[in-house]
Amino acid sequence: MLEIALSSDAPWPEQDWDALAVRAATAAIERTPHGELLTSKATVEISIRLASDDEVHTLNKQYRQKDKPTNVLSFPMVQPDLLATVSQNSDDGEVLLGDIILAHGVCVAEAAERGISVEDHAMHLMVHGTLHLLGYDHIDDDEAEGMEQIERDALAALGLHDPYLITED
């Protein structure tokens, strides 16, 4: 069973972010070989924080040595090679996959640049962050293509645009 622990602060507007987060994380997980996490007897938890740019800037500098805010940060709590057995080996029936943090100002600016709603872009970033928690990455081209395809499939299932579609003006 998937559980989302979501917290948000100003300037994020009032919205049913919990429902959007559950939909985004579910769409991401079910398109990976780790889909069984959604039906596991263990409670699989993802913590999602909707934060300010300043908070994300501080975390990005502290953990990634990048002195600027970024759209999304992910902090996995389970090694990817242990995901297949993590729900069976949980001592208390709970598995914390990790934390996802979104920066409001960066998210708003990127949504405006793409001509989409902040909610839709935040859902994309939640899908992206969930995939990082599952061990997916985009450092090299092969990994990036695989991760992007899962994102495309998840976003299509959510009725959202393909962020990697290149259009000619």
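This is a predicted model: local features need pLDDT of at least 70, side-chain atom pairs count only at pLDDT 80 or more; totals for chains, interfaces and linings use all residues.
**Entry: salt bridges**

I counted four salt bridges. I then went through the pairs.

I found R49 bridged to D9, with the closest N and O atoms 2.3 Å apart. This pair links distant parts of the chain: R49 sits in strand β2 (residues 43-51), and D9 sits in the loop between β1 (2-8) and α1 (17-29), 40 residues apart.

I noted a salt bridge between R31 and E30, where the closest N and O atoms are 2.9 Å apart. R31 is partly exposed at 30% relative accessible area, and E30 is also listed as partly exposed, at 44%.

I found D162 paired with R152, again as a salt bridge, with 2.9 Å between the closest N and O atoms. Here D162 lies in the segment after α6 and R152 in helix α6, ten residues apart, and the pair links distant parts of the chain. I read relative accessible areas of 27% for D162 and 24% for R152, and each residue is partly exposed. Through shared partners, salt bridges join D9, R49 and E55 into one network.

**Entry: L160**

I placed L160 in the segment after α6 (141-157). I recorded L160 as buried, because its relative accessible area of 13% falls under the 20% cut-off. Leaving out residues up to four places away in sequence, I listed its contacts as D120, M123 and L155. L160 and D120 are 40 residues apart in sequence, with 6.8 Å from C-alpha to C-alpha.

Terms used:
Residues are numbered from 1 along each chain as its sequence is written. Side-chain values use heavy atoms; hydrogens and water are left out. Helices (H or I, at least four residues) and strands (E, at least two) are DSSP runs, numbered from the N terminus. Buried means under 20% relative accessible area, exposed over 50%, partly exposed in between (1.4 Å probe, protein chains only). Contact means heavy atoms within 4.5 Å. A salt bridge is a side-chain nitrogen of Lys or Arg within 4 Å of a carboxyl oxygen of Asp or Glu.
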